[in-house]
Amino acid sequence: MVSNKNLVVLIFFKYFSIFQTQAFSRLKHNLKFKSSINPTQCGRRIDEIRQGRVNKIVGGQQADPEDWGWQIGLEIGGSFKCGGSLVNKEWIITAAHCIISNDLSRYTIKLGLHNRLSPESYSTTRKVSQIILHPNYDEKISRENDIALIKLISPVEYTDQILPICLPSLNYDFTNKMAWATGWGTLNSDGFPATNLMEVEMPILSNLDCMTKYLLTEGYYINTANSICAGEKGQGKDTCQGDSGGPLVVKVGERWQLAGITSWGIGCGDGGVYTKTTFYMDWILSYIQSNISFNL
């Protein structure tokens with residue numbers, strides 16, 4: 001027979017053991033999140049690594065060659081279509097509206113690219129093995145959930161010119177931060193895609209300013225839970241056709257994070273609407289983490 005005192009001790013150790021196991025499991029999960037989602041190489045720009053020139057698409061300028069190593073070019077059937085962001089050696093994030101074919105063989109991803117018509121020697125290409133559109137993407141009415149994941153057919157190796165972007169934490173607030181957008185989109189509405197990678201700096205608007213901007217002037221309701229606005233009306237700075245799916249990034253500490261994904265806008269030059277990365281982190285993780293091994 002076990003005394004009451006010994007019984008209490010046994011119960012204590014039993015539940016302490018359960019708590020310890022659960023705590024270890026949570027620790028392992030948190031470490032897995034940090035290890036797999038943000039590689040040590042993420043969010044670094046070659047200009048900063050080399051301490052070279054770091055600059056400022058509509059109202060922007062040409063990026064330095066080799067810079068913005070996470071920027072990818074998406075081609076469909078041999079024609080340039082969109083941008084996107086490398087998040088690890090196997091996965092790309094882009095906009096759902098960039099995915100216009102079910103035939104995977106038509107898609108080509110170009111990485112480390114600056115001149116899209118004359119690829120540099122350090123650039124590389126990959127075909128794709130899987131494309132995942134967000135199940136709630138609404139292309140006809142709200143344009144919400146404009147996000148897709150693309151898995152490369154084989155992993156890429158990181159180089160000075162090919163580096164992943166850091167993904168943000170779930171609750172990080174980018175409001176009023178200065179952000180950079182990059183891409184080969186047109187330099188004005190209905191123009192031709194740029195030959196060299198372009199870049200532009202714009203502020204991320206508050207939720208109120210974002211909703212007011214589009215509701216009062218255009219009659220569009222912006223769901224700021226899953227979307228953000230960047231760029232101010234009348235400033236002549238914006239992304240444009242062909243920049244879709246590309247990155248909107250903010251420097252947090254010493255690393256750059258993916259704040260948004262270029263989605264849509266009214267014309268070109270007055271800023272636009274971007275898919276809010278933080279809102280989709282659980283969805284992103286559910287796919288890209290399952291493909292990464294982890295040892296504690």
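1. A residue is called buried under 20% relative accessible area, exposed over 50%, and partly exposed in between (1.4 Å probe, protein chains only). The face of α3 turned away from its buried side carries two exposed residues, Leu208 and Leu216. Helices (H or I, at least four residues) and strands (E, at least two) are DSSP runs, numbered from the N terminus.

2. The model is predicted: local features need pLDDT of at least 70, side-chain atom pairs count only at pLDDT 80 or more, and totals for chains, interfaces and linings use all residues. Residues are numbered from 1 along each chain as its sequence is written, and side-chain values use heavy atoms, with hydrogens and water left out.

3. The chain contains four helices and 13 strands. Of its 296 residues, 48% count as buried.

4. Helix α3 covers residues 207-218. Its twelve residues reach 16 Å from first C-alpha to last, close to the 16 Å expected at 1.5 Å a residue (the expected span is 1.5 Å times one less than the number of residues). Gly219, with a positive phi near 80°, follows α3.

5. Cys210, Lys213 and Tyr214 are the buried residues of α3. Seen down the helix axis, they fall within an arc of 75°, so they line one face of α3; the arc is that of the directions from the axis to the C-beta atoms. Their cover includes β10 (227-230), β12 (255-264) and β13 (272-276), where contact means heavy atoms within 4.5 Å.

6. Leu216 has a relative accessible area of 69% and is therefore exposed.
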